[in-house]
Amino acid sequence: MQETLQTLVGGLSLGAVYALVALGFSLVYRTMGLVNFAHADIAMIGAYAASTFYLTAKLPFALAMVLSILITGAIGLVIERVLRPLENKDFDLMLIGTIGFGIVLQAVAILIWGTTGRAVPSPVRTAPLDILGVRVRTYDLLVMAVTALAVVGLGFFLARTKRGAAMQAVAMDHEAATAVGIDVGRSNALAFAIGAGLAALAGGLVGPMLYVDASLGGALGIKGFAAAMLGGFGSINGAVVGGILIGVLDSYTAGHFQGYSVLATFLVFTVAIMIRPMGIFGERTVSRA
Amino acid sequence: MKSRITAVLALVVAAGALPYGLGSYTIHVVDIALIYALLAIGMGLAMGISGQINLAQVAFFGVGAYCVAILTTNNGYGFWAAAVLAVLATVVTGLLVGIPALRMQSHYLGIVTLGLALGFINWITNADISGGADGISGVPVPTLPGVDLSSEYLYYYLEAVVFGLGLVFGLFVVHTSLGRRLRAMRDDALAAGATGAEIPLLRMTAFVLASLYGGLAGILYAGLIRYVAPETFSLGNMFILLAMVIIGGRRSLVGCVVGAIGLTLVREWLSDFSTYAQLGYGAVVVLMVVFAPTGLAGVPARLRDLYRRRFGRTSDDRAELRPFTPYTPGPEPSQDGPLLQVAEVSKDFRGLRALDEVSLTVDAGEIRGIVGPNGSGKTTLFNVVSGFYRASAGTVRFAGADTTRARPYALSLAGVARTFQNLRLFGQLTVRENILVALDRTRTYTIWQYALWQPGVIRRERRLRGAAQSVLERYGLVDFAEAAPASLPYGIQRRIEIARAMATRPRLLLLDEPAAGLNGEEVQQLVRIVRSIRDSGTTVVLIEHNMGLVMSLCEKITVLSSGKVIAEGTPAEVVAAPEVIEAYLGDSDLSELGMSAPPSAERPSPAKEATS
């Protein structure tokens with residue numbers, strides 16, 4: 001029991017990070033129908049940038065995060081602008097284009113930060129809390145709180161602001177949105193920038209939990225994608241639930257299969273997604289002949 | 001043709017002479033390049049030809065290499081015995097990785113295959129049997145009587161032979177029946193199913209082909225380097241492989257090969273600046289997808305297009321749609337009982353009931369019209385009959401057999417053909433190939449011939465091509481045989497759809513709004529074509545809004561409204577039925593607005609309006 005709870009808590013904090021990755025990923029997907037394979041590498045750049053501002057420039061952790069979010073947001077704008085000619089046209093080509101950007105971003109990271117990674121100390125230095133015999137790191141609580149805030153904030157933005165509503169309209173029908181005077185290009189760019197910012201948030205937060213290096217994106221990203229799929233592509237709630245599920249699954253397989261945890265995680269994920277391809281909150285699309 | 005043979009011969013001779021001019025390091029690089037070229041062919045077959053986003057190719061490569069390494073060093077097998085087992089193991093892996101493709105496509109499939117590749121890397125880095133992060137060294141030199149394969153020069157010839165055979169086989173697949181079906185599936189899986197392609201089997205075939213090439217590349221790699229370690233099979237290398245295929249041109253196997261060899265050489269040349277090289281090819285991939293989505297392989301065609309546009313076209317000017325040659329009337333259909341029997345079929349989409357206990361009987365030799373306002377369930381009915389949707393309740397019987405749960409391909413083979421309301425031609429195939437896909441009535445299991453009896457494939461191919469030519473001639477399409485469907489006028493595309501459906505030699509032809517977007521002259525031609533099709537012995541059911549066409553063509557009309565059959569009978573009976581008038585003109589709404597009573601049946605106003 002104790003052990004199960006401990007696994008669960010460990011899974012929740014990583015799951016919160018996966019949820020953030022999935023959130024940005026889903027936002028971009030629902031708005032422009034684009035699966036952004038560079039998303040993970042944007043998160044990696046975010047992690048590096050945050051760690052540089054925090055460790056090298058000695059800025060406060062929160063400020064470092066904000067700066068890294070701004071930087072990645074700008075990167076997101078560039079990617080969106082370059083791939084704009086393909087939007088709403090060739091799905092697979094866009095997907096490959098974002099993989100190309102991912103390769104570029106990894107090379108850039110190596111050029112700037114080198115191949116050796118860095119360990120980021122936790123910005124919260126209080127001792128772990130003891131709740132019902134389960135050790136909970138205070139930093140983990142911080143991560144969960146930030147994720148919760150991000151989810152609520154994004155939900156508010158989409159539901160209550162004019163730009164958010166415009167983004168929803170573009171997601172439903174980009175042609176109709178154009179017809180009522182929404183600048184689809186600008187709306188997509190904004191979605192992409194917010195998505196990239198969320199990736200940086202995830203990357204910055206995961207810094208003190210994992211080791212930051214150029215391959216961070218690979219591990220973080222594919223699990224974030226898996227989370228988005230499991231929850232249901234394009235669904236905001238799904239991203240959160242999927243993230244937590246993958247996090248818990250991850251921490252469970254790490255406890256039981258040690259070295260083979262990644263293999264076990266993805267086998268379980270593959271079976272789950274085959275049983276329900278549209279994910280938990282996803283809608284089955286009817287193919288119309 | 002002759003110049004092409006000369007070019008191929010020159011290439012073979014050059015490939016044979018190549019080692020004589022190269023230093024020992026360069027030949028090593030060339031050996032590596034050939035291995036990547038094999039991998040890229042597999043990737044191209046899955047991604048470019050079959051449209052299956054397969055990001056696990058590097059894992060297939062790894063399974064092949066590790067199998068050889070483990071079996072030779074751990075279990076004491078000889079190299080070739082290990083190689084045979086390695087091919088089998090890789091193909092089995094390919095089948096397993098391909099299973100998700102049955103349930104999902106596109107990006108979903110990409111993420112799942114990428115995840116499985118990551119799982120494989122995780123396993124080889126941690127398992128004892130694979131030597132962990134250190135890998136396995138001491139793989140024996142493959143033995144060949146009289147040839148010392150430890151020399152990289154001689155190994156080159158072994159690789160060149162395997163690669164040459166691999167490329168020829170790949171091209172053979174692409175340009176014959178199997179490859180055509182794979183490409184049709186890539187362009188439009190639904191339409192491919194409706195022309196008789198077994199989509200699930202074809203998807204698995206794509207993964208088997210990809211894994212076969214991956215496994216061969218892995219075996220050659222193990223024999224060449226004689227050492228395997230996880231970093232060779234990393235995701236980084238997966239993306240480089242992807243870059244090769246995209247830069248070369250994913251839809252052309254030769255393009256994939258050029259991309260693979262080119263990028264391997266560039267990578268080696270820039271090995272001191274590997275990070276900059278990575279930056280460079282990442283950027284090239286991005287530029288390629290935006291500016292040259294067909295890759296290097298597509299550049300010649302684009303240049304030719306540009307040239308033709310600049311200096312005026314001369315060849316296409318005389319292309320014209322020739323008149324349709326009627327079929328020779330077939331014997332009177334002697335069918336016991338009706339050909340198509342739809343009994344109390346309902347179809348629900350979540351809360352919405354699109355079809356509500358629809359019953360309909362079509363006799364052999366009929367031309368049946370199905371009309372009704374938009375959203376009345378006409379196309380849904382077609383989708384149920386042709387196997388795209390499964391009815392929520394009720395049964396469909398075709399030619400006496402219960403086909404309620406039959407898949408589209410099975411119905412196509414049984415003799416049901418259809419066209420689509422919004423044109424579903426295979427966009428990247430030529431008109432001739434569109435017809436060839438439909439003419440091919442063989443089941444997918446006949447692909448055993450590709451492995452064991454290739455002359456059988458060639459003979460079938462020749463027969464199909466002859467038949468395709470006569471279909472093209474009958475429908476007056478010979479001038480457009482090599483054109484891409486999307487480049488043709490709308491009316492011609494509509495005719496191609498009918499020709500494609502008829503190429504399956506159906507007993508029942510379902511036409512979904514065949515006159516939509518046609519001009520008056522084209523509608524007249526359509527009437528002649530449909531009559532001739534019926535006279536040849538094929539029963540026709542058509543959905544149409546053009547009432548004039550329906551009135552003059554159909555002996556019997558079924559009217560649907562809100563998913564229900566509201567009238568059935570001869571054209572005259574149907575237009576007089578009060579339910580029909582109400583459905584079309586909304587009788588109650590009109591009276592609420594204080595307008596006069598609905599127009600009488602003698603004035604077929606909706607019909608007039610639609611014909612003009």
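1. How many residues does the contact take from chain B, and how many from chain A? The contact takes 40 residues from chain B and 41 residues from chain A, two residues being counted as in contact if their C-beta atoms, placed from the backbone, lie within 7 Å. On the side of chain B that touches chain A, the elements giving two or more residues are helix H5 (106-126), helix H10 (235-248), helix H12 (274-291) and helix H14 (378-385) of chain B, where helices (H or I, at least four residues) and strands (E, at least two) are DSSP runs numbered from the N terminus. H5(B) gives the most to this side, with 14 residues. By class, the side of chain B that touches chain A has 27 nonpolar, 12 polar and one charged residues; Ala, Val, Leu, Ile, Met, Phe, Trp, Tyr, Cys and Pro count as nonpolar, Asp, Glu, Lys and Arg as charged, and the others, Gly among them, as polar.

2. On provenance, this is a predicted model, in which local features need pLDDT of at least 70 and side-chain atom pairs count only at pLDDT 80 or more, while totals for chains, interfaces and linings use all residues. Residues are numbered from 1 along each chain as its sequence is written, and chains are lettered from A and ligands numbered from 1 in the order in which they are written.

3. The domain assignment of chain B gives domain 1 (23-302) and domain 2 (340-415 + 506-611), with bounds that come from an automatic or database domain assignment. The centres of these two domains of chain B, taken over C-alpha atoms, are separated by 50 Å, and seven residues of domain 1 are in contact with six residues of domain 2. The residues on the domain 1 side of that contact divide into three nonpolar, three polar and one charged.

4. In chain A, helix H1 (residues 2-32) has 31 residues and reaches 44 Å from its first C-alpha to its last, close to the 45 Å expected at 1.5 Å a residue, the expected span being 1.5 Å times one less than the number of residues. H1(A) is mostly covered, with 23 of its 31 residues buried, that is, with 20 or more other C-beta atoms within 10 Å of their own, C-beta atoms being placed from the backbone. A:Gly33, whose phi is positive, near 60°, follows H1(A).

5. Chain B has an open sheet of four strands in the order S4-S3-S6-S7, with antiparallel pairing; two strands pair if DSSP finds at least two bridges between them. Strand S4 (352-362) and strand S7 (401-402) of chain B stand at the edges with a single partner strand each, so one side of each is left without a neighbour in the sheet. Strand S6 (residues 393-398) of chain B pairs with S7(B) over two bridges, and B:Arg397 has B:Asp402 as its bridge partner in S7(B).

6. An open sheet of six strands in chain B has the order S8-S9-S10-S5-S11-S12 and mixed pairing. Strand S5 (residues 367-371) of chain B pairs in the parallel sense with strand S10 (residues 539-543) of chain B over four bridges, and S5(B) also pairs in the parallel sense with S11(B), over four bridges. S11(B) and S12(B), by contrast, pair in the antiparallel sense over five bridges, and they form a hairpin with two residues between them, where B:Ser562 in the turn has a positive phi of about 45°.

How values were computed
A residue is buried if 20 or more other C-beta atoms lie within 10 Å of its own, exposed if 12 or fewer, and partly exposed in between; C-beta atoms are placed from the backbone.
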